[in-house]
Amino acid sequence: MEKLIYLDNAATTKTAPEVLEAMLPYFTENYGNPSSVYGFASKNKNMVNCQREIIADALGAKPEEIYFTAGGSEADNWALKAAAEAYEGKGNHIITTKIEHHAILHTGEYLEKRGFKVTYLDVDEDGMVSLEELKKAIRPETILISVMYANNEIGTIEPVKEIGEIAHERGILFHTDAVQAFGQVPIHVDECHIDMLSASGHKLNGPKGIGFLYIRKGVKIRSFIHGGAQERKRRAGTENVPGIIGLGAAVSRAVRTMEERTAKEKELRDYLIDRVLEEIPYCRLNGHRTKRLPNNANFSFQFIEGESLLIRLDMKGICGSSGSACTSGSLDPSHVLLAIGLPHETAHGSLRLTLGEDTVKEDIDYVVEALKEIVAGLREMSPLYEDFIKKN
Ligand SMILES: *Cc1c(COP(=O)(O)O)cnc(C)c1O
């Protein structure tokens, strides 16, 4: 097989073999509709509820607070749209940040068109939300604060517990997009006063097209899909049984392996970061140095284009990303990199490498050597670099 070094685990992960194995019988032998009465199918209802328990346990939540969705984007849409509608009588103001995933940002824009007011908080140069700025942004009509647990591009982990406390003290709902953080860092919804939380299967070695929204008991929220009585009538549609089984298997696996896996990833991440910063000139690390996801490294290389870098890495069998998967293909630099104050040119020369559970030190060594060669080669062709060298 051709060489493949997959360092784009923030975009998606490989479904773990044991997860797939758990799912398979639910496509074939156990195909019953969980809503049917006979034992053959109602066994599947029990299995679905078992997965709810596994997920709830992982968050310190109750099983009936877990609602399955078709992924992270749906959970984000649901949280914002349905909470906005349900609390419209109380106020029309929502606070979020400039570095959210587009599933939040574009939903925010949609709500603005429907008459809601949305504040998009700035972040500092590490991508951190300021608690002071957050407090200042709160108005009497604020109904919801949505701040991501950890950023998908630069890996910065937000002060979620403190944000939750601020929201809780003022009786404002707190939603967090934990799609990147869930399975990577321990999360407890009560300790952090989280009222709603989004997560997705394919970011934690589970299948694509399945995720969940945690909704704290007592939170008023509108149904997202109208139809049958599934998911306590809030999200109709025959359950994606194989997906749910896969999600549950992925979550219990992620919880079981978290400590060892993330310790190993952190070590390799730091090795990668140290080597790149030391061995490649005119380069910077984006995101917080320590408060960051165990598997995330994000660099900016001066004088080069991230897209050219990606193509050359691909030729060497290395998968990475510049900006986020959803924005590549467009020429706009990532909104996250601009929000942390990078000039356009620097934001354009960025590369995100996100490690996975299979990543080994030899992969990192290979990638660093490839990067050194490619970056030097691209700079040799760069008029900007030529000017810079002449001036210095
Ligand atoms: C991937 C991602 C999403 C979207 O999840 P899907 O399951 O792909 O819809 C939302 N938020 C963040 C932070 C993500 O990384």
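Reader: In this predicted model, over the ring of which residue does the charged end of Lys3 sit?

Author: The charged end of Lys3 sits over the ring of Tyr366, at 4.5 Å from the ring centre. A second contact of this kind places Lys220 over the face of Tyr87, 4.9 Å from the centre of the ring.

Reader: How is a pair of aromatic rings described, and how many aromatic pairs does a search of the whole structure find?

Author: Two quantities describe such a pair: the distance between the ring centres and the angle between the ring planes. Searching the whole structure gives 9 aromatic pairs. In one of them, Tyr31 and Phe40, the centres are 5.1 Å apart and the planes meet at 70 degrees; since an angle over 60 degrees counts as edge-to-face, this pair is therefore edge-to-face.

Reader: What is the geometry of the pair formed by Phe303 and Phe388?

Author: That pair is tilted, with 4.8 Å from centre to centre and 45 degrees between the planes. Phe303 lies in the loop between β10 (296-301) and α8 (306-315), whereas Phe388 belongs to helix α12 (residues 383-391), so the pair ties together parts that are 85 residues apart in sequence. With 17% relative accessibility, Phe303 counts as buried, while Phe388 is partly exposed at 23%. Both rings also belong to one aromatic cluster, together with Tyr282 and Tyr385.

Reader: How does one find where empty space is left, and what is the volume of the largest pocket here?

Author: The general idea is to roll a probe the size of a water molecule over the atoms, which shows where space remains empty. In this model, the largest pocket has a volume of about 450 Å³.

Reader: Which residues lie nearest the centre of the largest pocket, and which elements give two or more residues to its lining?

Author: The lining comprises 25 residues, and those nearest the pocket centre are Tyr6, Asn9, Lys14, Gly356 and Glu357. Two or more lining residues come from each of β1 (5-6) and α7 (241-279). The element that gives the most is α7, with 3 residues. By residue class, the lining divides into 8 nonpolar, 10 polar and 7 charged residues.

Technical notes:
Residues are numbered from 1 along each chain as its sequence is written. This is a predicted model: local features need pLDDT of at least 70, side-chain atom pairs count only at pLDDT 80 or more; totals for chains, interfaces and linings use all residues. Side-chain values use heavy atoms; hydrogens and water are left out. Rings of Phe, Tyr and Trp (its six-membered ring) pair if their centres lie within 6.5 Å; planes under 30 degrees apart count as stacked, over 60 as edge-to-face and the rest as tilted. Helices (H or I, at least four residues) and strands (E, at least two) are DSSP runs, numbered from the N terminus. Buried means under 20% relative accessible area, exposed over 50%, partly exposed in between (1.4 Å probe, protein chains only). A charge sits over a ring if NZ of Lys or CZ of Arg is within 6 Å of the ring centre and within 35 degrees of the ring normal. On a 1 Å grid over the protein atoms alone, a cavity is a set of points where a 1.4 Å probe fits but cannot get out, and a pocket is an open set with protein on both sides within 12 Å along at least five of seven lines; lining residues have an atom within 4 Å of a point. Grid points are joined across faces, edges and corners, and a volume is the space filled by probe spheres set on the points. Ala, Val, Leu, Ile, Met, Phe, Trp, Tyr, Cys and Pro count as nonpolar, Asp, Glu, Lys and Arg as charged, and the others, Gly among them, as polar.
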